[in-house]
Amino acid sequence: MSKLTKNQKLALGKIEPGKAYTLKEASALVKEITTTKFDASVDVDVRLGVDPRKANQMVRGVVSLPHGTGKQVRVLALCTPDKEAEATEAGADYVGLDEYIAKIKGGWTDIDVIITMPSIMGKIGALGRVLGPRGLMPNPKSGTVTNDIGQAIKDVKQGKIDFKVDKTGIVHTSVGKISFNADQIRDNAKEFISTLLKLKPSAAKGTYIKSIYLSSTMSPGIKIDPKSVEEN
């Protein structure tokens with residue numbers, strides 16, 4: 001096991017062992033314990049009391065973060081020629097169809113989100129082997145397959161993210177950058193967790209939110225009291 005650095009020891013020293021912090025406290029503390037020289041991501045990990053292997057306990061959704069993600073999201077719009085101007089105007093980084101399908105087949109995935117139209121999904125289905133493992137496959141449930149191409153692009157650019165519980169029952173997402181102030185981190189995390197609460201499957205029994213941790217890139221995790229999420 002590698003030794004802790006001086007900064008890691010200092011960070012751990014600021015976290016009280018066994019304590020569950022309020023979301024407000026944790027949002028301020030995560031800024032204190034982050035020592036990276038770059039603008040680290042702020043992440044939330046929520047362990048849910050669900051069995052993701054059962055279709056009626058799958059948790060998946062979208063959320064628009066009030067203060068955005070802090071990241072430049074590269075968007076590819078795969079659309080018909082009549083929609084290209086709309087996609088470009090909305091802020092898509094790449095716009096087209098057959099030429100980009102060919103590039104993706106060749107292994108190009110230098111993008112964060114693909115937005116497309118229902119009529120084109122037949123062509124995109126063949127890209128599943130490339131896009132699926134990278135989480136780039138468009139999906140109607142996440143709002144990335146729609147005829148309202150322009151609005152979908154704007155939503156993504158302004159901080160709309162999609163998330164899904166993994167096979168271990170954990171939902172992980174980034175809710176901003178460490179350069180955000182504590183209130184912005186708290187607002188974004190609260191919006192995400194509140195959305196998760198609304199998505200509780202009726203088939204899920206017992207405790208739904210088992211644990212919540214807030215952290216930044218390379219920082220220790222801060223345990224959060226789930227009851228504090230709805231506090232003002």
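Analyst: The open sheet here has four strands in the order S7-S1-S8-S9, and their pairing is antiparallel. (Strands are DSSP E runs of at least two residues, helices are H or I runs of at least four, and both are numbered from the N terminus; two strands pair if DSSP finds at least two bridges between them.) S7 and strand S9 (222–224) stand at the edges with a single partner strand each, so one side of each has no neighbour in the sheet. On average, neighbouring strands of this sheet are turned by 25° against each other, direction ignored. Those angles come from axes, which are lines fitted to C-alpha atoms.

Before going further, a word on the ground rules: this is a predicted model, where local features need pLDDT of at least 70 and side-chain atom pairs count only at pLDDT 80 or more, while totals for chains, interfaces and linings use all residues. Residues are numbered from 1 along each chain as its sequence is written, and side-chain values use heavy atoms, with hydrogens and water left out.

Back to the strands. S1 and S7 run antiparallel and are joined by seven bridges. One of the facing pairs puts Val42 with Gly176 in S7 as its bridge partner.

Which residues of H8 are buried? They are Ile185, Arg186, Asn188, Ala189, Phe192, Ile193, Ser194, Thr195 and Leu196. (Buried means under 20% relative accessible area, exposed over 50%, partly exposed in between, with a 1.4 Å probe and protein chains only.) Their cover includes helix H2 (23–32), strand S1 (41–48), strand S2 (60–64), strand S6 (160–164), strand S7 (170–177) and strand S8 (209–216).

S2 and S6 run antiparallel too, joined by five bridges, and Val63 stands opposite Ile161 in S6. S2 has a covered face, Gly61 and Val63, and an uncovered one with Arg60, Val62 and Ser64. In a regular strand, side chains alternate between the two faces of the sheet.

What sits in the largest nonpolar core? It has 36 residues, and Val44, Leu48 and Phe192 touch the most other members. (A nonpolar core is a set of buried Ala, Val, Leu, Ile, Met, Phe, Trp, Tyr and Cys residues joined through side-chain atoms within 4.5 Å.) Two or more residues come from each of H2, S1, S6, S7, H8, S8 and S9, with H8 giving the most, five residues. Leu48 touches Val59, Val165, Gly169, Val171, Leu196, Tyr208, Ile209 and Lys210, leaving aside residues up to four places away in sequence. (Contact means heavy atoms within 4.5 Å.) Apart from this core lies another, of 30 residues, among them Val73, Ala87, Val95 and Ile120.

Key. Axes fitted to C-alpha atoms, helices over the stretch in contact; angles between N-to-C directions.
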